[in-house]
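Biologist: I have the sequence and the model open. Can you take me through how the pieces pack?

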Amino acid sequence: MGKDNGELKEYQPLLKDFKEPVPSKSLLLAVCAAGIGGTFQYGYNISIINAPTKAVQNFINQTWTERYNTEISTQVLTLLWSTIVSIFTLGGLVGASVGGTLAIRFGRKGTLLFNNTFALLAALFMGLSYPSSTFELLIIGRFLTGVNAGIGICVQPLYIGEIAPRALRGAMAMGTSIFITGGILTGQVIGLNELLGKEEYWPILLSTICIPAVMQLLILPWFPESPRYLLIDRGDDVACNKALMWFHGPDKYHGEKEDMERERVSAIGIKPKKPWELFTDTSLRWQLLTLFVIHTSQQLNGINAIYFYADYVFTQAGIPADKIPYATVGTGACECITALTCGLLIESLGRRALIIGGYSLMSVCCVCFTIALTFQFVISIFKYLNIMICVFAFILSFGLGPGGVTNILTTELFTQTDRPAAYMIGGSINWIAFFFIGMIFPFIVNGLKQYCFLVFLVICCLVATYIFFVVPETKNKTFLEIQSEFYSKKKLIAANGTEGPLLSTPM
């Protein structure tokens, strides 16, 4: 009996690790400091441009008339407005293309701080466009906001994923999605007429992007650099230890340091890779294919169609045009709450269950949406209520699945030397798909009408099937363990000559 008691005492330190992990206050504050000037700006700039549409078009028309003594044609006005809106996507692609390189050169924290320069310049240009009667400044400003968003959505997940402990990596990485949806909701609220949505306030509204940038410049410098970056990329063991103790406390950082040391040893002599070097590395084939699938489908899964039909449904339901922005705020709040819920569930349910479940529920919603829209004028029960339920159900499903888990998987599927390049590739794919769906979406809706959701149904089903057979569960595993699972799949295929599901190894 004494021997048994001795063994229990021996394993007591290990038993502590199985207690429910709780993030430290320092860690939570670091996530907030990174998010406010990172992915928050992405969500905020997507939604804030909707409120001043008519006001900016009137400004362009007035400026054109003063310059050329003639009113602008409808075609030219539409072209200029479309350029102002869509050049944000081009800027995002540029930002995503350079974000990984900047993160390697200046560090994760340093890049996030430098990135605020683009937001401040954009606010300056867009704020000066009205007093200077120069609508071209709006185009420059929107491009710079895109660069800012592209870098932020690339580097912020890197920083959060690398400072979070293994047991909380998923929950902490959900900060990316929480701040995106929080930015969307904030932009919708600020754009209401009671705040800055009135026509005369549009220059101030577009310039408010400087506020998150200034907040991050004041707050983030007080937090350490990513300890994983300090140890593996910079080789600074002392700074790494200080950062780990700051984030996790002096008694809890040793386990994280051991994981980093193992990854550092495996990366000795290997420099951070460029994006094109990942494509030539056959050991990363499955990771890259997964990266392409999850980022492309995040834009092509029908969420943009849902937002399009949301306005249609609210209009047809008899909501006055001046009240629709308030209903739209409801969709933003719905997505924000869902992101918070996903953050609470991800460490208990795992990544696979959430993303497969999300795409499966979205598939069901696509079927219901098609039926409801088809019979809305035949059967009164389908008139509006069921369609509105489908709108909110789809948004909830997206937030619980692909909206929350995609960026986390990008962090976890790659090791330190591959991760910045992977984020550059994933971000570029995301922005290209964003631009692509923006270009072809009107044609899809006009051509297929309600049956466009059958296209999204096929996409959601295919992605859910791919993840089920290929992507392992990454919850509570080190980056090296996840890499070894993909390597095991490659050896299995080489030995059998056939495809097979990628089974998760025991934890």
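Biologist: How is H19 oriented relative to H21: oblique, parallel or antiparallel?

Modeller: Helix H19 (residues 351-374) and helix H21 (residues 402-412) pack with their axes 9 Å apart, at an angle of about 140°. Axes are lines fitted to C-alpha atoms, for helices over the stretch in contact, and angles run from 0 to 180 degrees between N-to-C directions. Under 35 degrees is roughly parallel, over 145 roughly antiparallel, 65 to 115 roughly perpendicular, and the rest oblique. H19 is therefore, relative to H21, oblique.

Biologist: What sort of model is this, and which pLDDT must side-chain atom pairs reach?

Modeller: Residues are numbered from 1 along each chain as its sequence is written, and side-chain values use heavy atoms, with hydrogens and water left out. The model is predicted: totals for chains, interfaces and linings use all residues, local features need pLDDT of at least 70, and side-chain atom pairs count only at pLDDT 80 or more.

Biologist: How many nonpolar residues take part in the contact of H19 with H21?

Modeller: From H19 come Arg351, Leu354, Ile355, Gly358, Tyr359 and Met362; H21 meets them with Pro402, Val405, Thr406, Ile408, Leu409 and Glu412. Contact means heavy atoms within 4.5 Å. Nonpolar covers Ala, Val, Leu, Ile, Met, Phe, Trp, Tyr, Cys and Pro; charged covers Asp, Glu, Lys and Arg; the others, Gly among them, are polar. Two residues are polar and two charged, and the nonpolar ones number eight.

Biologist: Is the crossing of H3 and H7 left-handed or right-handed?

Modeller: The axes of helix H3 (residues 39-48) and helix H7 (residues 136-163) come within 7 Å and cross at roughly 140°. H3 and H7 are therefore oblique to each other. A left-handed crossing has the near helix turned anticlockwise from the far one by less than a right angle; clockwise makes it right-handed. The crossing of H3 and H7 is left-handed.

Biologist: In the contact of H3 with H7, how many residues are polar?

Modeller: H3 brings Thr39, Gln41, Tyr42 and Asn45 to Arg142, Thr145, Asn148, Ala149, Gly152, Ile153 and Gln156 in H7. Three residues of the contact of H3 with H7 are nonpolar and one is charged, while the polar ones number seven.

Biologist: And H2 with H7: how many nonpolar residues are in that contact?

Modeller: Helix H2 (residues 25-36) packs on H7 at an angle of about 175°, axes 10 Å apart. H2 is therefore roughly antiparallel to H7. Leu27, Ala30, Val31, Ala34 and Gly35 of H2 contact Gln156, Tyr159, Ile160 and Ile163 of H7. The contact of H2 with H7 has two polar residues, no charged ones, and a nonpolar count of seven.

Biologist: Is Asn69 buried or exposed?

Modeller: Asn69 is found in the loop between helix H4 (53-68) and helix H5 (74-106). Its phi is near 55°, positive in a residue other than glycine. Buried means under 20% relative accessible area, exposed over 50%, partly exposed in between (1.4 Å probe, protein chains only). Asn69 has a relative accessible area of 69%, so it is exposed.

Biologist: What is the relative accessible area of Ser133?

Modeller: Ser133 lies in the loop between helix H6 (108-129) and H7. Phi of Ser133 is near 50°, again a positive value in a residue other than glycine. Ser133 is partly exposed, with a relative accessible area of 29%.

Biologist: How far apart are the C-alpha atoms of Pro131 and Pro203?

Modeller: Pro131 lies in the loop between H6 and H7. Pro131 is exposed, at 58% relative accessibility. Pro131 and Pro203 are 72 residues apart along the chain, yet their C-alpha atoms are separated by 9.1 Å.

Biologist: Which residues does Leu288 contact, leaving aside neighbours within four places in sequence?

Modeller: Leu288 lies in helix H16 (residues 285-300). At 11% relative accessibility, it counts as buried. Leaving aside those neighbours, Leu288 contacts Leu278, Phe279, Phe414 and Ile425.

Notes. Helices (H or I, at least four residues) and strands (E, at least two) are DSSP runs, numbered from the N terminus.
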